[in-house]
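Work through the exercises below with the model open. Each task is followed by its solution.

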Amino acid sequence: MNEMTPHATDIPSAPALSHTQDGVVTLSGEWTLASLLQKPAMRAALLAAARRTKHWDLSAVTRMDSALAILLWRLWGGCFPEDAKISPRARAALERIAALPAAESAPNVRGESALAGGLRRVGIFTLGIARNTLGLVDLLGRLALSAGFLCRHPKSIPWKEFSANIFRAGVEALPVSALVGFLIGITISYLSALQLKAFGADIFIVNILGVGIIRELGPVLVAVLVAGRSGSAMTAQIGVMRVTEEIDALAAMGVSATLRVVLPKVAALVLVMPLLVVWSCMAALLGGALAAWKELDLSVVYFFSALPDAVPIANLWIGLCKGVLFGGLISIIACHFGLHVRPNTESLSRRTTASVVSAITLVIIADAILAVFTRDFGV
Amino acid sequence: MRATLPVPVIDMRGIWSRYREIVIHKDLDFQVRTGEVVALVGGSGSGKTTLLREILGLLPPHRGSVRLFGHDLRAPDALLQRDIRRRLGMLFQQGALFSALPVFDNIAFPLRELGFLDEAWIAELVRLKMTMVELEPAHARLMPSELSGGMIKRVALARALALEPELLLLDEPTAGLDPARGQGFVRLIRALQQRLSLTVVLVTHDMDTLRGLDCEIAVLAEQRILTRGRLDAVRAFPHPAIEQFFNLPSVAGKG
């Protein structure tokens, strides 16, 4: 609610309202939104007066803006009172309101039951999933076509964009993925050590950490990090390029946006993700080995020499494959959502959120499916 | 009423502005009185838009004072600052409509900010403003991205006029419009200026806009206001910058 603003502005003549003996309401001074904001009591006075009388004298009104004209016109029920005295300026303002074409009937007031509303939301959600799946397939097809084109015309390979994306998504992610991996390694090693000590099975810490981190935790951890870091950045970048019509400008210059913008990002992430997985697994194993040394008195040298025997090499291949798969998933989802941003800020923020959430969700779903299909390898 | 007030609507004194080492304005004075329509013209880089941004308070000048309606823009009082801003309307060059809001909510935005009007009152006011700028009621539900360039300008004008400000600032009002639409828009601004007795300051390059608005012209050059007056008087002023600006072959015909 608006408070009084005493210092605010110098009103030449404040709005005033008075009742005369014979039931005529007299308005004088400036009746504008600005003057009413400074004397909010006048609105209540006006409303009260309108309930009591039908005789008005506005001959001393020096100024009236359309906001007040609308208010008065509503109070009068959409016509001039019979014996009203109105100053020319006020009359001009009121006549503009009178000349307004009638409002159209109130648009689509939806009166639906809770069941219908729920059904509608489920429908919209399902259609959204279907639309996004179609879009992803479409983008995948375009990427395949672009890749085919590049095979035939290697000169147009966008090396610069490719290396820029490797730097941004890969090199710049090294410190944070190492830190997170290291800390997670310490945590898991410490918790497992407490359990294993109870059973006297200290040696198995190498198996637990090796298989758990290389096969499962490393790829998923890096995928979540990269989805938040690079996936959101890709969606936002492509989305802004859509909003500012840069994508259209590329197309107008005969440059395919899929080839120049999307493909380098997808290729870079597919290349970089397995490397990041290895990097962050190394950090996690180092953290785990240090924690095992502290907790179980297992030397770090022993930890790493026992690792190859405890963990079959298949686990490493599975981890690397997951890296490639997750990298592709994250980048394609990010680019898809970016390309479908509508040109407004609201859509940009929704799409970026949707991009990160769907990327992480799909990564975990894919990981679960892979866990089922690879259950016979490396354990 | 307001015409008798001695306080100028805009009062800028001793303005210095600079971007890094480049001095844009040097000890510039600029006053606008109630009801005046003043066009700022000058070559690119002469600081027209900078001056407009300083009037709005978006950019503090390096040195000098800016007073609007007699109040200093640097006053640290947030309520006073807000109340000054409510008395002016600004039409940005690209419209600066809120892209996430439909046309109706864009125009209603400053009205809702007041927290004083009920929704029916706001709806009626928005309808009136839309009629004022010659928009169809059906346009109310469109999003800014679905509007043509001319419509964006008119919606932005309706939003700038929502609170019926005393001062209207226009940055290149006809840029990006074709000549016919540009002329229509100028006529619209002219009609609204007379009807609402607005004070208008605009930045423009366009000769047709200058003629159509029948305004005073202030020429910015040499880091100051070189001269100020009616079109013919300004044209007669002997200075290379003015010859360059007005005597282009394409505008050889005299207004």
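**Exercise 1: a helix pair**

H5(A) and H12(A) are roughly perpendicular to each other (angles of 65 to 115 degrees count as such). This is a predicted model: local features need pLDDT of at least 70, side-chain atom pairs count only at pLDDT 80 or more, and totals for chains, interfaces and linings use all residues. Residues are numbered from 1 along each chain as written, with chains lettered from A and ligands numbered from 1 in written order.

Task: state the crossing angle of H5(A) and H12(A), and list the residues that meet.

Solution. Take the axes of H5 (114-152) and H12 (314-339) of chain A: they come within 10 Å and cross at roughly 110 degrees. Axes are lines fitted to C-alpha atoms over the stretch in contact, and angles run from 0 to 180 degrees between N-to-C directions. Helices are DSSP runs (H or I, at least four residues) and strands likewise (E, at least two), numbered from the N terminus. Next, the contacts (C-beta atoms, placed from the backbone, within 7 Å). A:Gly135, A:Leu136, A:Leu139 and A:Leu140 of H5(A) meet A:Ile332, A:Cys335 and A:His336 of H12(A).

**Exercise 2: a sheet in chain B**

Task: which strands stand at the edges of the sheet?

Solution. Write the order: E2-E1-E4-E5 (chain B), an open sheet of 4 strands with antiparallel pairing. Strands pair if DSSP finds at least two bridges between them. E2 (22-32) and E5 (71-72) of chain B stand at the edges, each with a single partner strand, so one side of each lacks a neighbour in the sheet. Now go inside: 5 bridges join E1 (10-19) to E4 (63-68) of chain B. B:Met12 has B:Val66 in E4(B) as its bridge partner.

How values were computed:
Angles under 35 degrees count as roughly parallel, over 145 as roughly antiparallel, 65 to 115 as roughly perpendicular and the rest as oblique. Two residues are in contact if their C-beta atoms, placed from the backbone, lie within 7 Å.
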